[in-house]
Amino acid sequence: MIYAFLFLLAMLTPGQASAVDLNIDITKLPVIETTPTYAPNVPPPTNRKTPARIKVSIETKELRGRLADGVDYTFWTFGGTVPGPMIRVRHGDYVDFTLKNHPSSKMPHNIDLHAVTGQGGGAEGSFTTPGHSSTFSFRALNPGLYVYHCATAPVGMHIANGMYGMILVEPEAGFPKVDREFYVVQSEFYPKGKNGAKGLQPFDMEKAVKEQPEYVVFNGAVGAMNGDKAINAKVGETVRIFFGNGGPNLVSSFHVIGEVFDKVYGEGGIKVSQEQVQTTLVPAGGSAIVEFKVEVPSTLILVDHSIFRAFNKGALGMLKVEGPANAKIYTGKTVDAIYLPEGGAIQSIASTAAAPKVTNTFEERFAAGKSVYLNACAACHQAGGEGIAGAFPPLVKSDFLLANRTRAIETVKKGLSGPIKVNGVAFDGVMPALGLSDEDIANVLTFVSNSWGNKAKMFTTSDVKKVK
Amino acid sequence: MKRFGLYFLGFVAVAAQCEPSHARAVIQIPSGVYEPFFREPGEADQRIVSFWMDKDPVSRKDFARFLQRNPEFGRGKISPRFADSAYLESWTSENVASGDSDSPVTSISWFVARKYCGEKKGRLPTVSEWEYAADTNSPEAFALISDWYARPNSMDQPPPRISSGKLGKFGIRGMHGINWEWVEDFASVIIQGDSRSSNATDNQLFCAAGALSAKDPTQYANFMRFAFRSSLKANRSVRTLGFRCVYDVDPERSGPKL
């Protein structure tokens with residue numbers, strides 16, 4: 001009677017993992033074969049009320065792949081992708097795990113699942129020579145969202161080359177139903193070449209030891225969740241993100257621009273640890289589950305809010321929300337007006353300042369435009385005009401910039417959002433109207449259309465004035 | 001390891017009579033000191049006694065000749081105790097080497113590699129001899145192996161050529177950057193499957209703990225090689241694993257005992 005009561009209590013208390021019955025006969029459990037599910041997709045909920053025997057098989061493979069546009073890397077992978085497939089089991093399940101190391105591998109590999117209670121999280125039981133396979137079994141004793149990774153020496157290098165993924169152990173009652181679930185893993189890469197250096201890049205151990213990555217990415221590559229690879233939801237839906245951090249070194253400040261997490265299951269545990277969260281900290285080799293309802297149409301930007309990682313190293317993803325606008329929640333810009341400060345003090349200071357320098361010649365406009373560019377534009381388009389693949393279009397030899405002067409002026413004057421193609425590559429972002437004077441716009445366009453090999457006629461202030 | 005050694009004693013005796021070895025380029029490795037990559041607290045540097053070593057890894061052509069003399073080591077004939085099913089995987093049943101004869105033989109077990117060297121009156125090098133001859137603690141070795149692993153194998157790629165190997169410090173070719181190679185005591189440094197455990201049986205070799213006993217924890221190439229060896233068993237055949245032989249110095253004629 002008392003036991004029955006305790007059992008009931010355990011079932012009813014949210015966020016409380018009940019004890020697993022180890023005495024059930026595992027040979028009598030229903031056997032379920034799983035097929036791998038790759039990011040950003042999440043395997044469906046188990047929807048089971050009783051434990052099962054789960055067969056999981058993952059192949060480790062070393063292969064060349066895309067890290068950023070024009071940048072290749074030799075990834076070491078679980079299942080041929082970074083991150084590896086997401087595994088979903090239920091608390092109390094008995095899992096037979098097989099690791100197959102492809103014969104073309106140069107390295108032995110293994111797997112440490114943080115969800116596994118046992119020597120090395122399974123690393124000892126899964127250590128596998130190329131061309132062989134290993135099987136071990138474990139009981140899913142602890143519910144939660146867990147990282148798995150390769151733990152073969154040198155362990156840091158196996159992780160740095162891409163060997164990580166997530167295993168979700170659902171609590172017995174499952175998670176509350178939501179409309180969309182996504183699987184996102186952050187990690188960083190340490191290639192020899194600097195960010196953007198083209199060609200096949202080998203691992204740089206020194207940068208890894210110093211913890212100075214060239215790339216910080218979501219789901220394995222710069223732009224892996226951008227443009228047509230963005231994840232999608234509809235207004236009014238509830239979204240859950242299973243977010244992992246493969247590391248190997250950096251702690252993530254996970255944030256979604258334009259949303260607030262309604263609920264966070266902190267550190268990937270099974271109870272809501274906080275509500276109304278702007279940014280949640282996710283340790284290397286750790287996780288978080290976040291949930292939020294999307295209320296208005298917009299493109300939400302997933303970032304590591306250690307923000308230079310997002311804008312300069314690739315830690316950007318997109319969640320596109322479609323549906324009807326709702327001005328009761330957000331209006332968009334309703335007033336765009338000129339702001340003229342009033343008051344004697346300001347006037348008198350302004351009067352002592354040097355008169356604005358009038359620029360007329362090409363050289364003057366070019367020089368003035370350069371300083372406007374560095375102040376207003378370079379943060380996104382980069383000092384060399386090369387842009388950032390998957391996020392900010394290049395200006396170097398840009399057909400979008402050079403083919404149409406009116407469009408170029410319009411873009412700087414009014415801003416631009418939505419899908420465009422630049423030199424055949426699709427971009428779908430937002431450039432704000434920067435509020436530059438017509439003079440500044442003429443100067444900066446003169447500069448960008450005549451730098452880095454670009455060549456065009458000078459833009460004048462009257463050119464800019466004509467574009468309304 | 002003892003168990004394998006015993007098997008092997010019986011194994012050698014059967015094939016003690018063999019044809020004289022084919023002429024091959026061998027190079028004398030001078031005596032010297034090897035600083036072990038992993039060492040027990042207080043363990044000293046190792047004195048390496050001069051020996052002779054094959055300049056090149058054993059080629060497919062070399063091995064095809066060996067099979068002609070010893071057909072019982074052919075694919076499909078050898079006992080699974082001495083070679084797993086991946087043994088000579090790219091060879092036809094007639095024991096004709098596929099691919100270029102300038103390529104090292106791979107997918108070969110420790111037992112057979114040992115047998116091959118024994119027939120030449122040589123033996124497999126020890127870990128210390130191999131590491132010493134390959135000058136593994138040098139930056140050059142690290143650069144070669146880093147470059148090699150960063151180029152992934154594809155299944156349809158032709159096997160590497162011996163002639164593409166770089167000459168090392170002692171004039172030995174292709175010890176880094178073509179394949180891994182068998183050593184006599186591959187299991188002597190036991191790196192556990194879990195690279196970070198630190199119980200008494202694994203000599204505290206790994207990750208955090210391992211880094212403490214490693215000579216230089218930034219020598220990732222060495223970690224890779226030792227980890228690879230520790231994943232092996234004596235009957236394993238791996239596509240990227242070949243071998244070469246060494247020979248003790250013959251005191252009578254100050255050449256290799258051939």
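The model is predicted: local features need pLDDT of at least 70, side-chain atom pairs count only at pLDDT 80 or more, and totals for chains, interfaces and linings use all residues. Residues are numbered from 1 along each chain as its sequence is written, and chains are lettered from A and ligands numbered from 1 in the order in which they are written. Chain A has 11 helices and 23 strands. These are DSSP runs numbered from the N terminus, with helices being H or I of at least four residues and strands E of at least two.

**Chain A overall**

- The C-alpha trace of chain A spans about 90 × 55 × 35 Å along its principal axes.
- Chain A has 468 residues, of which 45% count as buried. A residue is buried if 20 or more other C-beta atoms lie within 10 Å of its own, exposed if 12 or fewer, and partly exposed in between, with C-beta atoms placed from the backbone.
- Among contacts in chain A with a separation of 6 or more, 69% come from residues 24 or more positions apart. Contact means that the C-beta atoms of two residues, placed from the backbone, lie within 7 Å.

**Domains of chain A**

- The domain assignment gives domain 1 (19-332) and domain 2 (359-466) in chain A. Such bounds come from an automatic or database domain assignment.
- The contact takes 10 residues from domain 1 of chain A and eight residues from domain 2 of chain A.
- On the side of domain 1 of chain A that touches domain 2 of chain A, four residues are nonpolar, four polar and two charged. Ala, Val, Leu, Ile, Met, Phe, Trp, Tyr, Cys and Pro count as nonpolar, Asp, Glu, Lys and Arg as charged, and the others, Gly among them, as polar.
- The centres of domain 1 and domain 2 of chain A, taken over C-alpha atoms, are 38 Å apart.

**Helix 10 of chain A and its partners**

- Two packed helices are described by the angle between their axes and the distance between the axes. Axes are lines fitted to C-alpha atoms, for helices over the stretch in contact, and angles run from 0 to 180 degrees between N-to-C directions.
- Helix 9 (residues 405-414) of chain A packs on helix 10 (residues 438-448) of chain A at about 125°, with axes 10 Å apart. Helix 9 and helix 10 of chain A are therefore oblique to each other. Angles under 35 degrees count as roughly parallel, over 145 as roughly antiparallel, 65 to 115 as roughly perpendicular and the rest as oblique.
- From helix 9 of chain A, A:A408, A:I409, A:V412 and A:K413 meet A:I441, A:V444 and A:L445 of helix 10 of chain A. This contact has six nonpolar, no polar and one charged residues.
- Helix 6 (residues 362-376) of chain A also packs against helix 10 of chain A, at about 95° and with axes 7 Å apart. That makes helix 6 of chain A roughly perpendicular to helix 10 of chain A.
- The contact of helix 6 with helix 10 of chain A has nine nonpolar, three polar and three charged residues.
- Residues of helix 6 of chain A in this contact include A:F362, A:F366 and A:Y373, while those of helix 10 of chain A include A:V444 and A:F447.

**Covered helices of chain B**

- Helix 3 (residues 110-119) of chain B is mostly covered, with nine of its 10 residues buried. Among them are B:W110, B:R114, B:K115 and B:E119.
- Just after helix 3 of chain B, B:K121 takes a positive phi of about 60°.
- In helix 7 (residues 220-230) of chain B, 11 of its 11 residues are buried. They include B:R225 and B:R229.
- The buried residues of helix 7 of chain B pack against helix 2 (155-160) and helix 3 (205-210) of chain A, and against helix 5 (139-149) and strand 5 (180-181) of chain B.

**Backbone spots in chain A**

- Most residues other than glycine have a negative phi, and most peptide bonds are trans.
- The peptide bond from A:V82 to A:P83 is cis, with omega near -5°. A:P83 lies in the loop between strand 3 (71-78) and strand 4 (87-90) of chain A.
- A:A153 and A:P154 are joined by a cis peptide bond, with omega about -10°. A:P154 sits in the loop between strand 8 (144-149) and helix 2 of chain A.
- A:E211 is not a glycine, yet has a positive phi of about 60°. A:E211 is partly exposed, with 13 other C-beta atoms within 10 Å.
- A:N423 has a positive phi of about 50° and is not a glycine. A:N423 counts as exposed, with 12 C-beta neighbours inside 10 Å.
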